[in-house]
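Hello,

Here is the structure I promised to pass on to you. Have a look at it first, and then read my notes below.

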Amino acid sequence: MTSAPPLGVYIHWPYCARICPYCDFNVFKHRRDDEPTALACAIVADLESQRAFTGPRELISVFLGGGTPSLMEPAWASEIVAAARRLWTATPELEVTLEANPTDAEAQRFAAFADAGVNRLSLGLQSLDDQALTFLGRNHDAATAIRATEAANRAFPRLSVDLIYARPGQTPGNWGDELARALDLGAEHISPYQLTIEAGTAFDRAVRRGRFVPPDAETGAELFETTQRVLEAAGFDAYEVSNHARGAAARSRHNLVYWQGHDYVGVGPGAHGRISVEGVRQATHAAAKPADYIAKVAETGVGFASRDLLNPREAAQERLLSGLRITDGVPLSDVAALGIAPDLIARLVALGLLVDDPQRLRATPAGRLVLDRLTSELAT
Ligand SMILES: C[S@@+](CC[C@H](N)C(=O)[O-])C[C@H]1O[C@@H](n2cnc3c(N)ncnc32)[C@H](O)[C@@H]1O
Ligand code: SF4
């Protein structure tokens, strides 16, 4: 056991079979040359170097995210997970998550990923409607997605599914039906994300050319309310804006590392990390392109291109932004550096945006609908 705060490890695997028109994550077309192998080696070397910054820690989560890490060789996932276990002290309930796309080719490798130490799969279903999947530019249909979910349930003890809603033409009625079908798949965790038109994506260009019109804010709010109602009725707790779990044990420990302001090492192209050393929070950020990241690790041992010290106010601002996303909120003592006036809190409580709680700042359901406004009022 160590006295320093527990740690999560985030690994970014940036390759995808195809780039979806809505996605603005740090992604690159999957390659068949030597680069992915070089990247896997660089990731392990980066983890080893970053151990010097964190010191000994309890490891509570490893998250293989992307991109599409289910395209990675399971043997590499095994090496990466083994390295994290070797470098830090794994807790008995260590959560090891892999993000996967629901194609048959990937589902065939789920058992190998389970052997590599993955115990939680996060499957990007996005929809159970073939037309919607075509609109979203996905390379799977609903039947394939259902088969992949069945394979995931056989291979892993824990399953989360991602869905995208607020698609053009969606109504609360047909979205409620689709959610009900998703519930039948037996996942313990559901992340329904409202479609966001991100700048610079193919969808952004399509909207600007008038090819489709995303739902307006009022329809978006109705669809959000449908999501909350259907999932709550099915026994899911909306512990975060877009994350619903069947009971506390089903919550994503990895995401809670972010939202509760704990430390995490971020490795892989474009990955962010947050490590507290002697009470000072440091923000790391890796080079975005795989070739630059690999070169950086070869030159300096670590993959991050920058390491910035956050001052107490910046650290508290981050803590506020992430903490208000979860129903548990954030302890007032964690954001003391912001000097939030008690009468501002009282006013936001009176407006129904914050829960009346002397110890913590907690957004009400209405407050979570206007989180940007809430955080900017509290943080400035
Ligand atoms: C980093 S992606 C990785 C998942 C995996 N590659 C896949 O696509 O199935 C994580 C999730 O973010 C969500 N997402 C990405 N871009 C989005 C957008 N513009 N609007 C809403 N959700 C989005 C999708 O649900 C996706 O499954
Ligand atoms: S949504 Fe997933 S598969 Fe599509 S580009 Fe983004 S990370 Fe890749």
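**The chain as a whole**

Of the chain's 380 residues, 53% count as buried. Please keep in mind as you read that this is a predicted model. The fold holds 15 helices and 16 strands. The C-alpha trace spans about 55 × 50 × 45 Å along its principal axes. A compact globule of 380 residues would have a radius of gyration near 21 Å, and the chain agrees with that because its own value is 21 Å.

Two more totals may be handy for you. The accessible surface of the chain comes to about 16,500 Å², and carbon and sulfur atoms account for 52% of it. If you take the contacts between residues at least 6 apart in sequence, 70% of them join residues at least 24 apart.

**Ligand 1**

Which residues are the closest to ligand 1? They are Gly67, Gln126, Arg138, Asp162 and Thr196, out of 18 residues that surround the ligand. By type, the shell around ligand 1 divides into six nonpolar, eight polar and four charged residues.

- Asp162: a polar side-chain atom lies 2.6 Å from an oxygen atom of ligand 1.
- Gln126: an N or O atom of the side chain is 2.7 Å from an oxygen atom of ligand 1.
- Arg138: here the distance from a side-chain N or O atom to an oxygen atom of ligand 1 is 2.8 Å.

Taken alone, ligand 1 exposes 560 Å², and the protein buries 92% of that. Strand 5 (89-100), strand 6 (120-126), strand 7 (158-165) and strand 8 (189-194) are the elements that give two or more residues to the shell around ligand 1.

Most residues other than glycine have a negative phi. Gln126 counts as buried because its relative accessibility is 9%, with the cut-off for buried at under 20%.

Gly67 sits in the loop between strand 4 and helix 2. The peptide bond that leads from Gly66 to Gly67 is cis, with omega near 15°. Most peptide bonds are trans.

Ser70 is found in the loop between strand 4 (58-66) and helix 2 (74-87). Is Ser70 buried or exposed? With a relative accessibility of 0%, Ser70 counts as buried. Leaving aside neighbours within four places in sequence, Ser70 is in contact with Leu98, Glu99, Ala100, Asn101, Glu106, Arg109 and Phe113.

You will find Ala166 in the loop between strand 7 and helix 7 (172-183). Ala166 counts as buried, because its relative accessibility is 5%.

Gly270 lies in the loop between strand 11 (263-267) and strand 12 (272-277). Its relative accessibility is 18%, so Gly270 counts as buried. Not counting residues up to four places away in sequence, Gly270 touches Asn26, His285, Ala286, Ala287 and Ala288. From Gly270 to Ser191 there are 79 residues in sequence and 23 Å in space, C-alpha to C-alpha.

Phe53 has its place in helix 1 (residues 35-54). A relative accessible area of 26% makes Phe53 partly exposed. Apart from neighbours within four places in sequence, Phe53 is in contact with Ile275, Val277, Val302, Phe304 and Arg307.

Best wishes

Note on methods:
Residues numbered from 1 in each chain as written. Chains lettered and ligands numbered in written order. Predicted model: local features only at pLDDT ≥ 70, side-chain atom pairs only at ≥ 80, totals over all residues. Heavy atoms only, no water. Near = heavy atom within 4 Å. Polar contact = N/O pair within 3.5 Å; in protein donor to acceptor, adjacent residues only side chain to side chain. Areas by Shrake-Rupley, 256 points an atom, 1.4 Å probe, with all protein chains shown as cover. Helix = DSSP H or I, 4+ residues; strand = E, 2+ residues; numbered from the N terminus. Nonpolar A, V, L, I, M, F, W, Y, C, P; charged D, E, K, R; others polar. Rg over C-alpha atoms; globule rule 2.2 N^0.38 Å. Buried < 20%, exposed > 50% of the residue type's maximum accessible area, 1.4 Å probe, protein only. Contact = heavy atoms within 4.5 Å.
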